[in-house]
Amino acid sequence: MGKRDNRVAYMNPIAMARARGPAQNSGPTIQDYLNRPRPTWEEVKEQLEKKKKGSRALAEFEEKMNENWKKELEKHREKLLGGNESSSKKKEKKKKEKKKSSRVSKIFSFLSLFLLWDCACLPFGFSCKEGT
């Protein structure tokens with residue numbers, strides 16, 4: 001039994017392209033681009049002036065955003081200047097809450113250690129409970 005022949009004939013891509021013939025034009029040529037209508041110098045000046053002025057809608061939008069920003073800054077200043085007393089009270093409340101939470105965590109840590117000791121003593125025959 002012989003092996004199957006897997007060889008494929010080599011196709012020269014350049015020769016294949018030449019065999020197809022000249023490429024078809026798809027789109028404008030260079031001559032079309034060079035012969036396109038161009039604006040006059042006056043029209044160019046007008047367009048540049050319009051760009052410098054900008055759009056009215058954009059100018060109005062920027063003014064509105066500036067006003068909103070000023071209002072927001074004023075509110076923030078009022079909070080900072082008028083809220084100094086309340087911020088100190090908030091800090092005191094946070095300190096109290098931390099103290100309470102630390103007390104609770106200490107109690108729970110003590111209880112957990114006690115339970116661990118109780119469980120650790122059982123295998124050795126010791127008992128932490130009364131009467132056993």
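Q: What makes Ile 30, Tyr 33 and Leu 34 a nonpolar surface patch?
A: In this predicted model, the three residues form a patch of about 360 Å². A patch takes residues with over 30% relative accessible area and no salt bridge, joining nonpolar side chains (Val, Leu, Ile, Met, Phe, Trp, Tyr) within 5 Å and like charges within 9 Å. Areas come from the Shrake-Rupley method with a 1.4 Å probe, and for residues only the protein chains shown count as cover.

Q: Why is Leu 34 called partly exposed?
A: Buried means under 20% relative accessible area, exposed means over 50%, and partly exposed is in between. Leu 34 has 44%, so Leu 34 is partly exposed. You will find Leu 34 in helix H2 (residues 30-34), where a helix is a DSSP run (H or I) of at least four residues, a strand (E) has at least two, and numbering starts from the N terminus.

Q: What places Arg 36 over the face of Tyr 33?
A: The rule asks for CZ of Arg (or NZ of Lys) within 6 Å of the ring centre and within 35 degrees of the ring normal. Arg 36 lies over the Tyr 33 face at 4.3 Å from the ring centre.

Q: Why is the contact between Arg 7 and Asp 5 called a salt bridge?
A: A salt bridge needs a side-chain nitrogen of Lys or Arg within 4 Å of a carboxyl oxygen of Asp or Glu. Here the closest N and O atoms are 3.0 Å apart, so the pair qualifies. The whole structure has 1 salt bridge.

Q: Are Arg 7 and Asp 5 buried or exposed?
A: Arg 7 has 71% relative accessibility, so Arg 7 is exposed. Asp 5, with 53%, is exposed too.

Q: How do you know that the length of helix H4 agrees with its residue count?
A: The expected span is 1.5 Å times one less than the number of residues. For the 27 residues of H4 (residues 56-82) that gives 39 Å, and the end C-alpha atoms are 39 Å apart, so the two agree. The count of buried residues in H4 is 0.

Q: What about helix H3?
A: Its 13 residues (residues 41-53) should span 18 Å; the end C-alpha atoms of H3 are 19 Å apart, which agrees. Just after H3, Gly 54 has a positive phi of about 80 degrees.

Q: How many helices and strands does the protein have?
A: The protein has 5 helices and 0 strands.

Key: Residues are numbered from 1 along each chain as its sequence is written. This is a predicted model: local features need pLDDT of at least 70, side-chain atom pairs count only at pLDDT 80 or more; totals for chains, interfaces and linings use all residues. Side-chain values use heavy atoms; hydrogens and water are left out. Buried means under 20% relative accessible area, exposed over 50%, partly exposed in between (1.4 Å probe, protein chains only).
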